[in-house]
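Subject: Structure for you to look at

Hello,

Here is the structure for you to look through. Please open it beside this email and follow along.

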Amino acid sequence: FQVPPAELEALIISHPAVADVAVIGIPDDEVGELPKAFVTLKPNMEATGIEIQDFVADKVATYKQIHLVEFIDEIPKSASGKILRRFLRDQSWIVGKTCIVTGANSGIGRSTAITLAKNGYTVFATMRSLERGEKLRDLAQQLSLEINEVVLDVSDTDSVNQGIDEILDQTNQIDVLINNAGVGSNAVIEDVDIDSDKDVFETNFWGAIRCIQAVLPAMRQQK
């Protein structure tokens, strides 16, 4: 990536829909690095990544063209106004990474899945039944996010293995597992139902162990 970022930034900022921009080099196996643009749009303005790429391509040589565009709410800058390119490089590492969130149909799990998708992860949201995922689907649609839903019951070994196999069939990699699924019970100690609390441990403890055991072989092969 031998093109000064400021040159491409000055060009992209002239696009009528662009409010701010930062360009960094991202790793590429063939040429070493390729230019990627992080773009913030002006209020009530729209543009696609392809439009930004075409806007640049018409004005520069082939080796200067933008290969990736990511839209973000704000370009990270220091107090003096300097672009924090290292932060953007760290964020770029995320793109293409696959993350599994168990119990993602509600609460913290749903919020986690949404946040990860916003930040560029490929998200697989698991739940006992897809019927439970209606609110997650509605929220993802409102935010124009792609979140993949998978049936997976952490208290059932067969269900865990089938769910992980389904994810691997789709993506062939797993980078992050978030063991969020859990249940709870409230009672004073003398009123605790032992069988009920065994079910809690089956989900909260052994459920996490099942998921870890299911994903580790694939994770080790990726190293």
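Predicted model: local features only at pLDDT ≥ 70, side-chain atom pairs only at ≥ 80, totals over all residues.

Helix packing. Two packed helices are described by the angle between their axes and the distance between the axes. For α7 (residues 194-204) and α8 (residues 206-222), the angle is about 25° and the axes are 3 Å apart. Angles under 35 degrees count as roughly parallel, so α7 is roughly parallel to α8. On the α7 side, the contact is made by Phe201, Glu202, Thr203 and Asn204. They meet Trp206, Gly207, Ala208 and Arg210 of α8. Sorted by class, this contact has three nonpolar, three polar and two charged residues.

A helix with a buried face. Which residues of α1 (residues 5-12) are buried? They are Leu8, Glu9, Leu11 and Ile12. Viewed down the axis of α1, these buried residues fall within an arc of 160°, so they line one face of the helix.

Two loop residues. Most residues other than glycine have a negative phi. Ser144 is not a glycine, yet its phi is positive, at about 55°. Ser144 sits in the loop between α5 (134-142) and β6 (147-151), and it is exposed, with a relative accessible area of 68%. Asn172 is also not a glycine and has a positive phi, of about 65°. The loop that holds Asn172 runs between α6 (157-171) and β7 (176-178). Asn172 counts as exposed, at 64% relative accessibility.

Regards

Conventions. Residues numbered from 1 in each chain as written. Heavy atoms only, no water. Axes fitted to C-alpha atoms, helices over the stretch in contact; angles between N-to-C directions. Helix = DSSP H or I, 4+ residues; strand = E, 2+ residues; numbered from the N terminus. Parallel < 35°, antiparallel > 145°, perpendicular 65-115°, else oblique. Contact = heavy atoms within 4.5 Å. Nonpolar A, V, L, I, M, F, W, Y, C, P; charged D, E, K, R; others polar. Buried < 20%, exposed > 50% of the residue type's maximum accessible area, 1.4 Å probe, protein only. Arc of directions from axis to C-beta.
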